Amino acid sequence: QGPSGNTGSTGPAGATGPSGGGAPSIAYIAGNEIKTTAGLSTIKGLTFTLTSGITYQFEYSIIFGSSVTTTGIGFGLTYPASTFFAANVYIPVAAAGTGAELQGPITASAGSVLGTGVAAVNTDYLAQITGIIKPSANGTLNPQYRSEVAGTTVAIKIGSVGKLFTL
């Protein structure tokens, strides 16, 4: 093999790729929350501030329980005006097997999905809310909850978490 030739000139720089969204914002609740009314209330500690024009993906993993097997829990969201929004709620309502989970979409701010019971009292269950939003106004994403039956206790448990990703 012969000697190496001279190094050629450096070519032009390539195009800059899109910036990544980075690490998600994380929110946790500080303590258990108890509710006995059928009206929706914001889950303290799991709200996120949203900026107009930015697309977000969100995920809530919410530990909950009920004091009566025939009383479920409902989950909803409020959010600012948006260019687009889509979300789904998944709530365990029975023992493992067919019909163990109730799921449904949230299609408008203050919309909710209502569970119809639980398999056992005072047991921890995991509900999930997932979605994507591009707000057209600054505002707050607020997860909410309620008891299916007024006067019956449902609880949101410590360990519940929210994640917000910038896309």
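Predicted model: local features only at pLDDT ≥ 70, side-chain atom pairs only at ≥ 80, totals over all residues.

Q: Great, let's start with the core. Which residues touch the most other members of the largest nonpolar core?
A: Those are Phe58, Tyr60, Phe64, Phe75, Leu77 and Ile156, in a core of 32 residues.

Q: And which strands supply at least two residues each?
A: β4 (48-50), β5 (56-66), β6 (73-78), β7 (82-92), β10 (125-135), β11 (139-147) and β12 each do. The largest share comes from β5, with 5 residues.

Q: Is there a general reason to expect nonpolar side chains together, or what is the usual pattern?
A: In soluble globular proteins, nonpolar side chains tend to be buried together.

Q: I see aromatic names in that list. How many aromatic pairs are there?
A: The count comes to 6. In one of them, the ring centres of Phe58 and Tyr60 are 6.2 Å apart and the planes meet at 50 degrees, so this pair is tilted.

Q: Are those two buried or exposed?
A: Phe58 counts as buried because its relative accessibility is 0%. Tyr60 is at 1%, so Tyr60 counts as buried as well.

Q: What about Phe64 and Phe75, how do their rings sit?
A: They form an edge-to-face pair, 6.0 Å from centre to centre with 70 degrees between the planes. Phe64 lies in strand β5 and Phe75 in strand β6, 11 residues apart, so to speak a link between distant parts of the chain. Both Phe64 and Phe75 are buried.

Q: Which residues do ring pairs link into a cluster?
A: Phe48, Phe58, Tyr60, Tyr79 and Phe85.

Q: Switching topic: how does β7 join β10?
A: The two run antiparallel and are joined by 8 bridges. Ala87, for example, stands opposite Gly131 in β10.

Q: And what about β7 with β8?
A: Strand β8 (residues 101-106) is also antiparallel to β7, with 6 bridges between them. There, Tyr90 stands opposite Gln103 in β8.

Q: One more spot. Where is Lys157?
A: Lys157 is in the loop between β12 (154-156) and β13 (161-166).

Q: Buried or exposed?
A: Lys157 counts as buried, because its relative accessibility is 17% and the cut-off for buried is under 20%.

Q: What is Lys157 in contact with, leaving aside neighbours within four places in sequence?
A: Ile29, Asn32, Ile63, Phe64, Gly65 and Asp124.

Q: And Ile156, with such neighbours left aside too?
A: Ile156 is in contact with residues including Ile29, Asn32, Ile63, Phe64, Phe75 and Tyr145.

How values were computed
Residues numbered from 1 in each chain as written. Heavy atoms only, no water. Helix = DSSP H or I, 4+ residues; strand = E, 2+ residues; numbered from the N terminus. Buried < 20%, exposed > 50% of the residue type's maximum accessible area, 1.4 Å probe, protein only. Contact = heavy atoms within 4.5 Å. Core = buried A, V, L, I, M, F, W, Y, C linked by side-chain atoms within 4.5 Å. Phe/Tyr/Trp six-rings, centres within 6.5 Å; stacked < 30°, edge-to-face > 60°. Pairing = 2+ DSSP bridges.
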